[in-house]
Amino acid sequence: MRYAAIDTGSNAVRLLIADIIQNDGKITFKKNTLVRVPLRLGDDAFLDKNISDRKADDLVKTMSAFKNLMDVYKVSDYMACATSAMREAKNGPELIKRIKQEANLDLEIIHGDKEAGIIYASHKGVDLDESKTYLYIDVGGGSTELSLFANGELVASQSFNIGTIRILDNQDKEETWREMQEFVSKHTKAYKLIYGVGTGGNINKLFKLSDEKDGEALSYTKLKSLYSYLSSYSLKDRINVLKLNQDRADVIIPACEIYTTVMKWANIKFIYVPTVGMADGIIQTLIENNLLK
């Protein structure tokens, strides 16, 4: 059995096709195919509150390609979610209808709370010590989702309109940063020791650049020095010298700022970087909806 997840983000659009494994009553999944297309819908949505005709056409073509791939892979169920950029684009609902007509695909614009819930679902695929307290930090192009876990239970979760594309476009607001800081202070003050869990494409890249071994945590100090190292290069040199993808070379700097800021607020010294994110959470949600009833 195969499921598919489509994550229509503010920076990139992803398709994850996963094989569902049932063994001794336990249901897990293995990633089969991952396709990422850097459409950067956020530039249009956050600045113009509208997805341009060119990007709308590209999104429809991408969704048609994803639908064809799902058919070839014989996917039995899928969920397609659109987040921050599509939430803010006035023509988002119109674009959803067009995708249904032209690509025969159901794409849903989800609220921030549902997005945080789906990212929270991804933690089930992560092997962490349930006796410890963790703050999940998921940084996207348009929003950041924070979820606090203690003793294996979700304590608090919220989505904030602070993201990498939003910062690059100077569309992040001071009061939203304050709200995020208040959330962190309020919910973390009762815990002495908190570990971070970072999800999203940028923290995965930062982890690779750190040369830490898989499974090891990344220290706050190492992350700060990576930030200084990357910032010392121009955008052009981050692409040509450090060999970062063009659509990663600019967003990695504000992403680093968000991770280190939240870690500082919560007094987090170490952050784990499992390679999970929104798409994994969607697959987990499909498993829970279909198989764990």
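Me: How far apart do the C-alpha centres of domain 1 and domain 2 lie?

Reply: They lie 23 Å apart. Domain 1 covers 2–112 + 278–292 and domain 2 covers 127–272, with bounds from an automatic or database domain assignment. This is a predicted model, where local features need pLDDT of at least 70, side-chain atom pairs count only at pLDDT 80 or more, and totals for chains, interfaces and linings use all residues. Residues are numbered from 1 along each chain as its sequence is written, and side-chain values use heavy atoms, leaving out hydrogens and water.

Me: Thanks! How many residues are in contact between the two domains?

Reply: 13 residues of domain 1 are in contact with 14 residues of domain 2, contact being heavy atoms within 4.5 Å.

Me: And what area do they bury between them?

Reply: About 1,200 Å², with 42% of it on carbon and sulfur atoms. Buried area here is the accessible area (1.4 Å probe) that two parts lose on being put together, summed over both.

Me: Switching to charges: how many salt bridges are there between domain 1 and domain 2?

Reply: Three, each a side-chain nitrogen of Lys or Arg within 4 Å of a carboxyl oxygen of Asp or Glu.

Me: What does arginine 36 pair with?

Reply: Arginine 36 forms a salt bridge with aspartate 247, and their closest N and O atoms are 2.7 Å apart.

Me: Which elements give two or more residues to the domain 1 side?

Reply: Helix H1 (42–48) and helix H3 (84–88) do, on the side that touches domain 2; helices are DSSP runs (H or I, at least four residues), numbered from the N terminus. H1 provides the largest share, four residues.
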